[in-house]
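Please take a moment to look over the sequence and the model shown here, and then follow the paragraphs below with both of them in view.

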Amino acid sequence: MTTEQKNNHALILRTNGEFEIIDWPATGARGHLETLYRAIDCNAIDAVDISPTLTMWLNDEGLITGAPLNRSATILYALYNEPTQHYVGNVVITGGTDRHGETLGLTKDEVATLVEMHLTFIPVTVPGQRDRRES
């Protein structure tokens with residue numbers, strides 16, 4: 001397996017429409033949980049299976065605490081499943097699980113596909129070309 005094919009990434013989708021690609025540790029469940037708590041900034045995690053190869057991790061208390069709507073997460077879920085609720089708060093997207101139940105990270109190709117989908121459905125302001133001439 002080449003470096004490009006390794007499942008060592010995760011994707012944070014923030015409520016403000018921003019995203020961040022992070023490293024997904026290969027250290028097992030303890031390293032995974034610490035990464036999730038830090039990325040989502042919470043103390044209770046819940047997992048939502050989007051598909052057999054995608055898992056969404058979110059703050060288990062987000063609805064109770066009034067976390068803002070995460071439009072990206074809600075749309076991503078709806079692309080794969082019949083929507084049953086809106087998702088709130090920042091979320092982390094990882095791969096599915098291996099045969100031992102370990103959470104897998106995402107490959108670079110999977111991250112690229114998710115980012116492309118995110119940018120397709122979320123309005124993003126892309127800065128225009130700057131004029132290099134001085135005023």
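**Helix α3 and its surroundings**

The buried residues of helix α3 pack against β1 (9-13), β3 (45-51), β4 (54-59), β5 (91-94) and α4 (108-121). Helices (H or I, at least four residues) and strands (E, at least two) are here DSSP runs, numbered from the N terminus, while buried means under 20% relative accessible area, exposed over 50%, and partly exposed in between, with a 1.4 Å probe and protein chains only. The model is a predicted one, in which local features need pLDDT of at least 70 and side-chain atom pairs count only at pLDDT 80 or more, whereas totals for chains, interfaces and linings use all residues. Residues are numbered from 1 along each chain as its sequence is written, and side-chain values use heavy atoms, with hydrogens and water left out.

Which residues of α3 are buried? Within this helix, which covers residues 71-80, they are Ser72, Ala73, Thr74, Leu76 and Tyr77. An α-helix has 3.6 residues a turn, so residues three or four places apart point the same way. At the start of α3, a side-chain oxygen of Asn70 comes to within 3.2 Å of the backbone nitrogen of Ser72. Thr74, found in the same helix α3, has a relative accessible area of 14% and is therefore buried. Setting aside residues up to four places away in sequence, Thr74 touches Leu69, Gln85, His86 and Tyr87, where contact means heavy atoms within 4.5 Å.

The protein chain contains four helices and five strands, and from the N terminus on its elements run β-β-α-β-β-α-α-β-α. Of its 135 residues, 41% are buried. Among the contacts with a separation of 6 or more, 54% are between residues 24 or more positions apart.

The interior can be described through its nonpolar cores, a nonpolar core being a set of buried Ala, Val, Leu, Ile, Met, Phe, Trp, Tyr and Cys residues joined through side-chain atoms within 4.5 Å. The largest nonpolar core has 18 residues, and those with the most contacts inside it are Met56, Ile93 and Leu114. At least two residues of this core come from each of β1, β3, β4, α3, β5 and α4, and α4 gives the most, with four residues. Apart from this core lies another, made of eleven residues, among them Ile40, Cys42, Ile45 and Trp57. Met56, once its neighbours within four places in sequence are left aside, is in contact with residues including Val48, Ala73, Tyr77 and Ile93.

Strand β4 also holds Thr55, which counts as buried because its relative accessibility is 4%. The side chain of Thr55 reaches the backbone oxygen of Gly95 at 3.2 Å; such a polar contact is a pair of N or O atoms within 3.5 Å, and within protein one must be able to donate a hydrogen and the other to accept it, while residues adjacent in sequence count only if both atoms are side-chain atoms. Among the residues that Thr55 touches, not counting those up to four places away in sequence, is Gly96. Gly96 has its place in the loop between β5 and α4, and it is buried because its relative accessible area is 6%. The C-alpha atoms of Gly96 and Met56 are separated by 9.4 Å, although these residues are 40 residues apart along the chain.

Grid points are joined across faces, edges and corners, and a volume is the space filled by probe spheres set on the points. By this rule there is one cavity of 30 Å³ or more, and the largest cavity has a volume of about 100 Å³. Its lining includes Leu11, Ser72, Leu76, Leu114 and Phe121, and the elements giving two or more residues to this lining are β1, α3 and α4.

Definitions and conventions. 1 Å grid on protein atoms, 1.4 Å probe; cavity = no way out; pocket = protein on both sides within 12 Å on 5 of 7 lines; lining within 4 Å.
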